[in-house]
Amino acid sequence: MPDTALYAPATTQGASVVSRPDVTVTRAAPLARLAFRGDATAAGKAGAAFGASLPMAPLAANPVGQRAALWLGPDEWLLLAASGTVGEEVPWALARTLCDEIATAVGTHPHALVDVSERNVALIVSGPRAAALLNTQVFLDLDEGAFPVGQVTRTLFTKAEIVLWRTGPDTFVVECWRSFAPYVEGLLANG
Amino acid sequence: MLLISCPWCRVERPEIEFRYGGEAHIDRPAQPADLDDHQWAEFLYMRSNPKGLLAERWRHVHGCGRFFNAVRHTVSDRFVCVYKTGEKCPDLEALAREGAQ
Ligand SMILES: [Zn+2]
């Protein structure tokens, strides 16, 4: 299971995609997700309102309780938030509240803030063979020396673009677009 | 697989995460309306196309999404250096003299 308070396994049927002794792939429960773009000033204000500061270092993640801010580019972040109760529905009220609070905090400073809660789904890949299974489709060095715990990056999963976050030594989260999920799950199940 | 280092992410990444963006340091004319067709065609289409070192734009499209510049040898496909958009173009002749190939 992931070493953050953010991701919980989904309770829906079929949530277990792969279940082997050495690796499991599980769909995660829905989250509120926001795409944020802006300069350092905008990011500073957004982080204060969001409750987790937006990391300025490349490939860094800042998980704070049930919030996380993930660096995707020098002016781009993915903001994740859980409501605390695991449900089958996107926590729309939370997404709405966060959107309003961040928009108010950043004010007229140039920025872009988009609710992408329903665009992404997350898969939790966990177990001693997690890196090996991901490496059947992800062309990065996933050795802990090269890709340490806490590192997050956008990359390719064969043909699908994903966000890959190492939340523990043997645990990764794959954030992928909803329409790519059957492709990603299928390749993991056969990997 | 060719590894390209991204100056924004500060890591080496596989080539498939990147897209080529053509020759770098081509400035758009400040007053396009003042150009005649020949000058405009020069700006749009004419590139140096050397057999050797070339400063190019690349985009880390499946990573941080940013554009950056790189010096690449067009024969060996070797990346000599990368630098951020807005930074000065390295002295390509000096690099060639130093033996970059
Ligand atoms: Zn990059």
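1. Which side chain meets that of A:D75 in a salt bridge, with what N to O distance? In this predicted model, the partner is A:R37, and the N to O distance is 3.1 Å. The two residues come from distant parts of the chain, 38 residues apart, with A:D75 placed in the loop between β5 (67–73) and β6 (76–81) of chain A and A:R37 in strand β3 (residues 32–38) of chain A.

2. As to accessibility, A:D75 has a relative value of 24% and therefore counts as partly exposed, and A:R37, with a relative accessible area of 32%, is likewise partly exposed. Both values lie between the limits used here, under 20% for buried and over 50% for exposed.

3. A:D75 also forms a salt bridge with B:R66, for which the closest N and O atoms are 3.6 Å apart. Because A:D75 lies in the loop between β5 and β6 of chain A, whereas B:R66 lies in the loop between β4 (53–59) and β5 (67–73) of chain B, this pair joins two chains. B:R66 counts as buried, at 16% relative accessibility.

4. B:R66 has a salt bridge with A:E76 as well, the closest N and O atoms being 3.9 Å apart, a separation to be read against the cut-off of 4 Å that the rule applies. This pair, too, crosses between chains, running from A:E76 in strand β6 of chain A to the loop between β4 and β5 of chain B, where B:R66 sits. Both A:E76 and B:R66 are buried.

5. Taken together, salt bridges with shared partners connect A:R37, A:D75, A:E76, A:R154 and B:R66 in one network. For context, the rule gives ten salt bridges over all chains, and it finds two across the interface of chain A and chain B.

6. How much area do chain A and chain B bury between them? The figure is about 1,200 Å², of which 58% is on carbon and sulfur atoms. Five residue pairs are counted in polar contact between chain A and chain B, both residues being at pLDDT 80 or more. In terms of contacts, 16 residues of chain A touch 15 residues of chain B.

7. On the side of chain A that touches chain B, the elements giving two or more residues are β5 and β9 (152–157) of chain A, and β9(A) supplies the largest share, namely four residues. By class, this side of chain A comprises eight nonpolar, three polar and five charged residues.

Notes:
Residues are numbered from 1 along each chain as its sequence is written. Chains are lettered from A and ligands numbered from 1 in the order in which they are written. This is a predicted model: local features need pLDDT of at least 70, side-chain atom pairs count only at pLDDT 80 or more; totals for chains, interfaces and linings use all residues. Side-chain values use heavy atoms; hydrogens and water are left out. Buried means under 20% relative accessible area, exposed over 50%, partly exposed in between (1.4 Å probe, protein chains only). Contact means heavy atoms within 4.5 Å. Buried area is the accessible area (1.4 Å probe) that two parts lose on being put together, summed over both. A polar contact is a pair of N or O atoms within 3.5 Å; within protein, one must be able to donate a hydrogen and the other to accept it, and residues adjacent in sequence count only if both atoms are side-chain atoms. Ala, Val, Leu, Ile, Met, Phe, Trp, Tyr, Cys and Pro count as nonpolar, Asp, Glu, Lys and Arg as charged, and the others, Gly among them, as polar.
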